[in-house]
Amino acid sequence: PMGQVERPWYLDLDSDGYGAGDPVVVACEGPPGTVDIPGDCDDLVSGVNPGAMELCNKLRDDDCDGLRDEY
């Protein structure tokens, strides 16, 4: 539609609202299964994303900041 700005869209395989990898398309509206917020470091686990709380689990970086169990 007129006046909308094109932006990158990323695949969101775990449906947590954060995408991973390179953009699949740059468009005004994203195709199904995509979001416009990148940064998911494990797009197969919905509890792992930049908006998640870091858990003391020594297994993964829950909040995608590059650190494990930093709290």
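User: Why is R60 called partly exposed?

Analyst: R60 has a relative accessible area of 34%. Buried means under 20% relative accessible area, exposed means over 50%, and partly exposed is in between (1.4 Å probe, protein chains only). R60 therefore counts as partly exposed at 34%. Before we go on: this is a predicted model, where local features need pLDDT of at least 70 and side-chain atom pairs count only at pLDDT 80 or more, while totals for chains, interfaces and linings use all residues. Residues are numbered from 1 along each chain as its sequence is written, and side-chain values use heavy atoms, with hydrogens and water left out.

User: What makes D62 and R60 a salt bridge?

Analyst: The term asks for a side-chain nitrogen of Lys or Arg within 4 Å of a carboxyl oxygen of Asp or Glu. For D62 and R60, the closest N and O atoms are 3.8 Å apart, and the pair forms a salt bridge.

User: Is D62 buried or exposed, and how do you know?

Analyst: D62 is buried, because its relative accessible area is 3%.

User: How many salt bridges are there, and which residue pairs with R7?

Analyst: The structure holds two salt bridges. R7 pairs with D36, with 2.9 Å between the closest N and O atoms. D36 sits in the segment after β3 and R7 in strand β1, so this pair ties together parts 29 residues apart in sequence. D36 counts as partly exposed at 35% relative accessibility, and R7 does too, at 34%.

User: In what order do the strands lie, and what makes β2 and β3 edge strands?

Analyst: The three strands form an open, antiparallel sheet in the order β2-β1-β3. The edge strands are β2 and β3, each of which pairs on one side only.

User: Which residues form the nonpolar patch on the surface, and why does L11 qualify on exposure?

Analyst: The patch consists of L11, L13, V24 and L44, with about 410 Å² of accessible area together. Patches are made of residues with over 30% relative accessible area and no salt bridge; nonpolar side chains (Val, Leu, Ile, Met, Phe, Trp, Tyr) are joined within 5 Å, like charges within 9 Å. The areas come from the Shrake-Rupley method with a 1.4 Å probe; for residues, only the protein chains shown count as cover. L11 has a relative accessible area of 38%, so the residue is partly exposed and passes the cut-off of over 30%. The place of L11 is in strand β1 (residues 7-11).

User: How does the radius of gyration of the chain compare with that of a compact globule?

Analyst: The chain has 14 Å, whereas a compact globule of 71 residues would be near 11 Å. The radius is taken over C-alpha atoms, and the globule rule is 2.2 Å times the number of residues to the power 0.38.

Methods. Helix = DSSP H or I, 4+ residues; strand = E, 2+ residues; numbered from the N terminus. Pairing = 2+ DSSP bridges.
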